[in-house]
Amino acid sequence: MVSLNSERKDKTPVFLSIFLLPAKYRLVGLATLLLLGVTITNYMYDDTSYTEYHKTKVIIKKTKPSPPASTIDEDIIEMTPNDDFYDEPMEDFGPVTYDDDVIKMEDDMVSPEYYVALFRDSIIESYISEISEPRAIRDASTPQGKAKKWIIDIDKRNLHPDDPFLLQRYALAVLFYATAGENWHHGNMHWLSGVHECFWSKKVKGVPMGVVECDSNRFVTRIQLVGNNLQGTLPKEIGAMERLVSLDLQENRLSGTIPSSIGDIKTLENLFVNSNQLKGTVPTEMGQLQNLGLLLLDDNELTGSIPLEVCMLKSKGWISSLWADCDGTPKPPIECACCSMCCDGLGYCLAADGILEDLVDDFVV
C-alpha cells in the first residue's frame, strides 16, 4: 500500500507521481491537484490591479473580489474590476497621475483669468438682458446675439460689467447689426471700432454722419444716419439710449414697426423716420415724450391713427411739427387729427391747419 504522506525517494515530479498510485487513489490525487491550482490562480488574480490595462483614466484600487460596483466621490471614481467594464470604450476623463496602486484624476489646469472672464461674461449677459430678450441674446444669429459676442469677445475696449457705457455701446452695436451695418452706403463710420462710441462718425460731403454729438459725460445725444441704406428693423434696444436728443433715420429702407421702447427716451426732441418702409401703428408710448418737438412719420406704410396721447403733446405745444401720411383718396393710409402736414405717401404734402382745434374741443368735453 502506498501512502501519500510517505517520503519520496525518487525525483519524479509530483503531478506525474500521481499516475504511479493505485487506481483507487489516482482520482483523489487528481482532484487535490486541481483544487490546489484553482486556489493559486485566485490568489494571483486577487493581487492584480489592472491599472495598466489600456492605461485607463479612472481609479482602480486593489480590492477583494466583490460584486461589480461603482461610486463617484467628487473628483475620484472608484471601480472594482469587471469584464463588462473593459468591454466598453474608454472615456477620456482628462489628465491623470499614477501614484502607486491608485490612478488619481486631476482638474484641468485652469488659470484664475479663466474664472474672471467667465464671471464677466455672465454678469454682462445679465445686464443686457434688462433691455433684450434672453432668447435673442443667446441666439448667435440675431442682432442681439452678434452684439453680445462683439461686446464680450471682440470689442477692444473690453468693458467691465459696471462700465456706465455698457448698455449704450451694446444698443448701438445692436442697431448696427439690425440694420445691416456692413452694407451702409457711407461705410461703418468707425462703428464697432475700439474707440469710444462718441467717435463713431465721419463727415460725408462736409456733413457729420453717425454718432454726431455726445454730452459732457460722453453719453450719445444725436445720431444721424440719413440716406445710409439702413435695411432691417429698428431694434427696441434703441430705447436704452436714455440721453438721446435727436434720432435721424430718414430716407432709408427700414421695415417692421416702430418699437414702443422709443417712449423710454424721455430726452428725445427730434425723431425723423420718414421715407422708410415702416408698417403697423404708431405706439401710444410715444405720448410719454414730453420733450418731443419734431416728429416726421410720413412716406411710410403706417396704418391706423395717430394716438391721442401723441396729439395731446401737440395740443400742449410740445410738438411743433408732426408729419404723417394722412392725405390721399379714397381713404388716407393713416388718420391724424393733430398733424401739421398730411402727405399722400408719394411726396406731396399739404398743411392741415384747423384740425387740431376740433380734437382739443372733443377731448376737453
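This is a short tour of a predicted model, from the whole chain to one helix and then to the core.

**Whole chain.** Start with everything shown. The chain has 365 residues, and 38% of them count as buried. Its secondary structure comes to nine helices and 17 strands.

**Helix H7.** Select residues 166-178. This helix runs 18 Å from its first C-alpha to its last, close to the 18 Å expected for its 13 residues. Is H7 enclosed or open? Eleven of its 13 residues are buried, so H7 is largely enclosed by the rest of the structure. Colour the buried ones; among them are Gln168, Arg169, Tyr170 and Phe176. Then step just past the end of H7 to Ala180, where phi is positive, at about 55°.

**The core.** Next, show the largest nonpolar core, a set of 65 residues. Trp191, Ile262, Ile306 and Leu322 have the most contacts inside this core. Several elements each supply at least two of its residues, including helix H4 (112-128), helix H6 (143-154), strand E6 (207-214) and helix H8 (308-315). Which element gives the largest share? H7 does, with eight residues.

**Ile262.** Display its neighbours, leaving out residues up to four places away in sequence. Ile262 touches Leu234, Ile238, Leu247, Leu268, Leu271, Met286 and Leu289.

Technical notes:
Residues numbered from 1 in each chain as written. Predicted model: local features only at pLDDT ≥ 70, side-chain atom pairs only at ≥ 80, totals over all residues. Heavy atoms only, no water. Helix = DSSP H or I, 4+ residues; strand = E, 2+ residues; numbered from the N terminus. Expected span 1.5 Å × (residues − 1). Buried < 20%, exposed > 50% of the residue type's maximum accessible area, 1.4 Å probe, protein only. Core = buried A, V, L, I, M, F, W, Y, C linked by side-chain atoms within 4.5 Å. Contact = heavy atoms within 4.5 Å.
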